[in-house]
Amino acid sequence: MTFFDLLWDGKSMTYDHSFAMEVAKVVVLISMGIFVVNIILSVIVHFLLKPKKMKEVGQINITDSFFDVKQEKKPMSAIIVESINIVLFWFIIGPLAIALVGYSVFNLIHSWLCGFLIFLLGIFGILVQIWRNSQFWKNKSFKKRYISAAIYFKYLLVFELTTVIFFSIFLPLAFQKGCLCVYNKAYGVDTFLDLQFSTKWTRSNWLPDEVCPKGTLCHIYATLPEETSKEVFINVHSGTDIDELNAQMKFQDSKINIKCDKIPFPSSVEERGQRNVFTCFFTGLQSYTLYDVDLIYKEKVLNSTKYRTIAEQYSDDDLVILFGGDWGYQTKGLMIVDQISKVNPDAILIGGDIAYDNGNVHCYYSFDLLLQVFETQFIKVGRLIPFIFSVGNHDVGFNDYAKYNITVSNERGPLYFTYFPQRKSVDNTVLPVKNRVTFNIQKMQNLLLFGLDSGYLYPHNGTQSEWMISILKNESYATFNKFAHYHVPIYPTCYNNKSFMNSWDNLLQARAIWVPLFDQYEFVGAFENHVHQYKRTFPLIANKKSEKGTVYFGDGSMGIRSVNCEDESKTYLPGRPFDDIFETVITNNSDHFWVLKSYGKNQTIDFNAFQPDYTFIQNSTYVVNAKERKIKIDL
């Protein structure tokens, strides 16, 4: 906890604001440093101007040249130091104005309030500058000295006043509704480290007037609750004129008609990004059945598609899941999406950092791009393929870990919660956005998937671990092959101890709380992400190799830049903590995705890793029966 954490408590703020808070801290620290220098220089000027004898005190008339002060026995050193001091003072005003712009960009204050405060700062700076210059007029009242200085520097002051007025209007307009997203080359100005910045103003040059046009359904996609063989969420984005939606699923003579829930969409999003969001929750479906889906507005079918439910436990039907993590709208990310129609999976699992919107609702177009490219593949395979997600740092905020409490709300989002329901309420309805959580389960054929939170909204222990234990102790789940997916790896190939989420303390928390549960309840595998590399461990129990242990797959490089891991951060080198647990590590050009195939008839689970162009990397085959788990690794 630092002094600035006390100044900016942020308890009621959402996580996407933490980056603005960090920026503000930096610029205010800079301003404070300059202010200290300013005071020191002011003291120096005071002593330089202090006369030794009264007769040596010169005077300057209103018609005198400012730089003729030397001729009037004013030390040139005092003039130079004071000139530097005036410039430095404006460098105090500048960072403070930048801090205000940062607050406006990340929606902490209204843009016009930002402009007004910048104007006040500028006027304050001008008045202080006049006061500083007035000290060169001696033997006059303060008022006369002040007026003399203002008249003498009138042209400079007019320029400064014009500049202040311009920036107090221009900056709030230019940086209104800012978005700083990552790995999104479609829109935004490239900055550094694959960050792209856009504002309402710049997006008006790139995006259509209506991202989701009136009278249309612009996105249709599915997400999964627990009972995936019987239930599904069909999610729809529409134009703002479609204020209600009905849906029908039919198979042969069986029809299910429902009214879809309208999900609140943040009103602060600019007009071109506005839309209505609906979730249609279907229950009572048949296992592994291809349904026709009609989406209806005022008795008119706006769109028809298909959806196939997931196979139930002990079914002879197979299950295919394409999974990875840290997907980006970049060349290799798009290549991976192109393989969906070849794999033809039953579900797509992304373990965090889904669209890199950084939890900022004004980065809404990041999700539009994500959904558009995946929906093209849904059209190719002729049906919706449901999503399964776990939460990553870039889904709820910019930094690795929130120093501030995260508040999920209708207006603030993050859109991860608005768009992707993965749990129903106890009364069998769609959960409100504010009640959605970041840990869920899905029963899929013979698999039980645990989607976990690496500490972003919920710590490893407490509410989340208690929920895990209650599920694992429930006999109705005992016969499933268990898997976990989450964002931050427990066994990373690379770690950065400067970041909480990559630090050793955080990894020890996961190992102390989650790993014993994985071991006790014989989890087959854990899907890890975040590090942007490729790895597969040997089967592990209690952090050591064991034939019947859990295999950890990772580490989230689903088409984005591989992390350049410094040698001192590599965990797999000889003498390092994990030097004997990794079966495979790829650190360069590590873009990949995995395909899980669970065969219904022979209780076999295959894992195949592929490069973005569908080139085979590696295979693992797991044979599971009621008495023992036999593991065979084929390279």
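Predicted model: local features only at pLDDT ≥ 70, side-chain atom pairs only at ≥ 80, totals over all residues.

Q: Which helix gives the most to the nonpolar patch, and with how many residues?

A: Helix H6, spanning residues 154–174, gives the most to that patch, with four residues. The patch itself is made by Trp-112, Leu-161, Ile-165, Ile-169 and Leu-173, and its area is about 440 Å². Among these residues, Ile-169 has its place in helix H6.

Q: Is Ile-169 buried, partly exposed or exposed?

A: Buried means under 20% relative accessible area and exposed means over 50%, with partly exposed in between. Ile-169 has a relative accessible area of 41%, so it is partly exposed.

Q: Which residues does the UniProt annotation "transmembrane region" cover?

A: According to the unreviewed UniProt entry, the annotation covers residues 26–49, 79–103, 109–131 and 152–175. Two of these spans may be compared with the model. Residues 109–131 are 91% helix and 0% strand, and the end C-alpha atoms of this span lie 31 Å apart. Residues 152–175 are 92% helix and 0% strand, with 36 Å between the end C-alpha atoms.

Q: What is the order in the open sheet of four strands, and which strands stand at its edges?

A: The order is S7-S6-S10-S11, again with antiparallel pairing. The edges are formed by S7 (254–259) and S11 (300–308); each has a single partner strand, so one side of each is left without a neighbour in the sheet. From one strand to the next, the twist averages 20 degrees. Strand S6 (residues 246–251) pairs with strand S10 (residues 290–297) over five bridges. Met-249 stands opposite Val-293 in S10.

Q: What is the idea behind a salt bridge, and how many does a search of the whole structure find?

A: Side chains of opposite charge can pair when their charged atoms come close. A search of the whole structure finds 15 salt bridges. One of them joins Arg-275 and Asp-368, whose closest N and O atoms are 2.7 Å apart. Arg-275 lies in the loop between strands S8 (261–263) and S9 (276–282), and Asp-368 lies in helix H10 (residues 364–381), so the pair ties together parts 93 residues apart in sequence. Arg-275 counts as buried at 1% relative accessibility, and Asp-368 is buried at 2%.

Q: Where do Arg-308 and Asp-346 lie?

A: Arg-308 lies in strand S11 and Asp-346 in the loop between helix H9 (340–343) and strand S13 (347–350), so this pair ties together parts 38 residues apart in sequence. Their side chains meet in a salt bridge of 2.6 Å, N to O. Arg-308 is buried at 18% relative accessibility, and Asp-346 is buried at 4%.

Q: Which residues are linked in a network of salt bridges?

A: The network links Arg-203, Asp-209, Glu-270 and Arg-272.

Q: How are peptide bonds and phi values read?

A: Most residues other than glycine have a negative phi, and most peptide bonds are trans. In this model, a cis peptide bond joins Gly-413 and Pro-414, with omega about -5 degrees. The bond from Gly-554 to Asp-555 is also cis, with omega near 5 degrees. Asp-555 is found in the loop between S22 and S23, and this residue also forms a salt bridge with Lys-535, the closest N and O atoms being 2.8 Å apart.

Q: What is phi of Gln-445, and where is this residue?

A: Phi of Gln-445 is near 55 degrees, a positive value in a residue other than glycine. Gln-445 is placed in the loop between strands S15 (440–444) and S16 (447–451), and it counts as buried at 1% relative accessibility. Tyr-614 likewise has a positive phi, of about 75 degrees. Tyr-614 is partly exposed, with a relative accessible area of 30%.

Conventions:
Residues numbered from 1 in each chain as written. Heavy atoms only, no water. UniProt positions renumbered as here; feature names shortened; annotations may be inferred. Helix = DSSP H or I, 4+ residues; strand = E, 2+ residues; numbered from the N terminus. Pairing = 2+ DSSP bridges. Axes fitted to C-alpha atoms, helices over the stretch in contact; angles between N-to-C directions. Patch = residues over 30% accessible without salt bridge, like charges linked within 9 Å, V, L, I, M, F, W, Y side chains within 5 Å. Areas by Shrake-Rupley, 256 points an atom, 1.4 Å probe, with all protein chains shown as cover. Salt bridge = Lys/Arg side-chain N within 4 Å of Asp/Glu carboxyl O. Buried < 20%, exposed > 50% of the residue type's maximum accessible area, 1.4 Å probe, protein only.
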